[in-house]
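My entries are below, in the order I looked things up.

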Amino acid sequence: MKDEYRQRRERLMANMAKSTAIFRSASLAVMHRDVEHPFRQDSDFFYLTGFNEPEAVAVLAPHHEEHRFILFVQPKEWEKEVWSGYRVGVEDAKAIYGADEAYPIAELEEKLPQYLSKADRLYYHFGIDELFNQTILKQWQSLLRQYAKKGFGPTALEDPMTLLHPLRLVKSETELELMRKAIAISVEAHHLAWDMAKPGIYEYEIQAEMEYLFRRRGGVGPAYPSIVASGANACVLHYIENSRALEAGDLLLIDAGCSYGYYNGDITRTYPVGGKYGMEQRVIYEIVLEAQRQAIAQIKPGNPFSAVHDTAVQVLVEGMIELGFLVGEPEELIKEEKYKPYYMHRTSHWLGLDVHDVGAYKQNEEESQVLQPGQVLTVEPGMYIAPLVKPAEEQPEVPPQWRGIGVRIEDDVLVTENGYEVLTAGIPKMPEELESK
């Protein structure tokens, strides 16, 4: 992995010319009072360094004569390490992570000017650490004031996301290997949940078993709060209470994935509790499945990202018209978004180090991002007829037999040279397969 991180930095620095980029690690987050959440590194910082400690700064200075990659880290301190865990320290930051130079984090303001003074541009993302934001601003403004006398220094301050995030959007073979592992564990957990989907089981029991498996297989844990939603709970998009007992005749919507090596799986399946879909449930399910099938078929290099969502919406709206939920012409209903009481989210997002991974969805105001090999995206259409759903203006009320049905089907899809690969194909989604147990 050391070479992998070096190659990532080199690709970024190749686009930086005579600039300096500064990246701040994540900070420790407090759960309540003095109890801390488990530490999770900032994804940009981790992507470039692999360094997994708080209170660190990475500097990339491709124009510097000696040091192109510099780390500022917490020094070794036994008194603190005995409480909070071992630190890499300054010397090992160079040996293990390939930094050309490393310093204690306390020396940041003293050492940083030598890596900024001859740059013509400074890249820095303003994060939630306001104190650190002010530190960087003061450094830049100080150098800016000296520009008239010296004739050099960073006159521009820009966000590095415009350079870095397009690189993160296309996954390397190393990244795909980690994603395949995260997805394989996620698939295994969904098989376990499928077996458990029986009347009397509580949602939280299924959640606990899935997340236990994530850890038992070497994962970091869940990629995001697991959604285990039975009955009408499936109509709540981000339902995470997971406290209800499953009943015969329910649908069970599970949106859960494993994080492995910081890379994530993201899968949704909607299972019949007791092994059989009801008539209305199956009708809704098959519309959503067809929407997903046609949306996935749009994934190939050169196609616009927006085609995935547009195709899914077209199929869903046609299904809603057939069921009498909507009245009118599909094109007009889509234009006016009359379908949104029943389908209120987008169909896809990028997937990688972050569950909703970085990368632009548009090239400009009018044009969609174009799909290219190495990108990974979710495809997750759904239909949700909440018990108290309010139809769009001038649209009919939904008959009671449809209310309380929520269906979502989600797969993770890799854009390949010639089309696509469904990475999550290991968990069935055809209704007759899901009724087989």
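**Entry 1: a charge over a ring.** I started at Arg 40, which lies over the face of Tyr 262. I read 4.2 Å from the ring centre. The model is predicted, so I take these values as computed from it. I looked for a second case and noted Arg 24 over the face of Phe 132, at 4.6 Å from the ring centre.

**Entry 2: Tyr 262 itself.** Where does Tyr 262 lie? I found Tyr 262 in the loop between β12 and β13. Is Tyr 262 buried or exposed? Tyr 262 counts as buried, because its relative accessibility is 6% and the cut-off for buried is under 20%. I also checked the backbone. Phi of Tyr 262 is positive, about 80°, although the residue is not a glycine.

**Entry 3: ring pairs.** I counted aromatic pairs and got 15. One of them joins Phe 46 and Tyr 262. I logged this pair as tilted, with 4.3 Å centre to centre and 50° between the planes. Phe 46 sits in helix α2 (residues 43-49), and 216 residues separate it from Tyr 262, so I noted a link between distant parts of the chain. Both Phe 46 and Tyr 262 are buried. I then compared Tyr 202 and Tyr 204. Their ring centres are 5.1 Å apart and their planes are at 20°, so I wrote this pair down as stacked. Tyr 202 is partly exposed, at 32% relative accessible area. Tyr 204 is also partly exposed, at 41%. Back at Tyr 262, I saw that ring pairs link it with Tyr 5 and Phe 46 into a cluster.

**Entry 4: the sheet.** I turned to the strands beside that loop. What is the strand order in the open sheet of 3 strands? I read β9-β12-β13, with antiparallel pairing. β9 (221-222) and β13 (263-264) are at the edges; each has a single partner strand, so one side of each lacks a neighbour in the sheet. I counted 2 bridges between β9 and β12 (residues 258-260). Pro 222 has Cys 258 in β12 as its bridge partner.

**Entry 5: cysteines.** I checked Cys 258 next and found it buried, with a relative accessible area of 0%. Cys 235 is buried too, at 12%. My disulfide count came to 0.

**Entry 6: another positive phi.** I noted Asn 242, with phi near 50°, a positive value in a residue other than glycine. Asn 242 is in the loop between β10 (227-230) and β11 (251-256). Asn 242 is buried, with a relative accessible area of 0%.

Note on methods:
Residues are numbered from 1 along each chain as its sequence is written. This is a predicted model: local features need pLDDT of at least 70, side-chain atom pairs count only at pLDDT 80 or more; totals for chains, interfaces and linings use all residues. Side-chain values use heavy atoms; hydrogens and water are left out. Two strands pair if DSSP finds at least two bridges between them. Helices (H or I, at least four residues) and strands (E, at least two) are DSSP runs, numbered from the N terminus. A disulfide is a pair of cysteine sulfur atoms within 2.5 Å. Buried means under 20% relative accessible area, exposed over 50%, partly exposed in between (1.4 Å probe, protein chains only). Rings of Phe, Tyr and Trp (its six-membered ring) pair if their centres lie within 6.5 Å; planes under 30 degrees apart count as stacked, over 60 as edge-to-face and the rest as tilted. A charge sits over a ring if NZ of Lys or CZ of Arg is within 6 Å of the ring centre and within 35 degrees of the ring normal.
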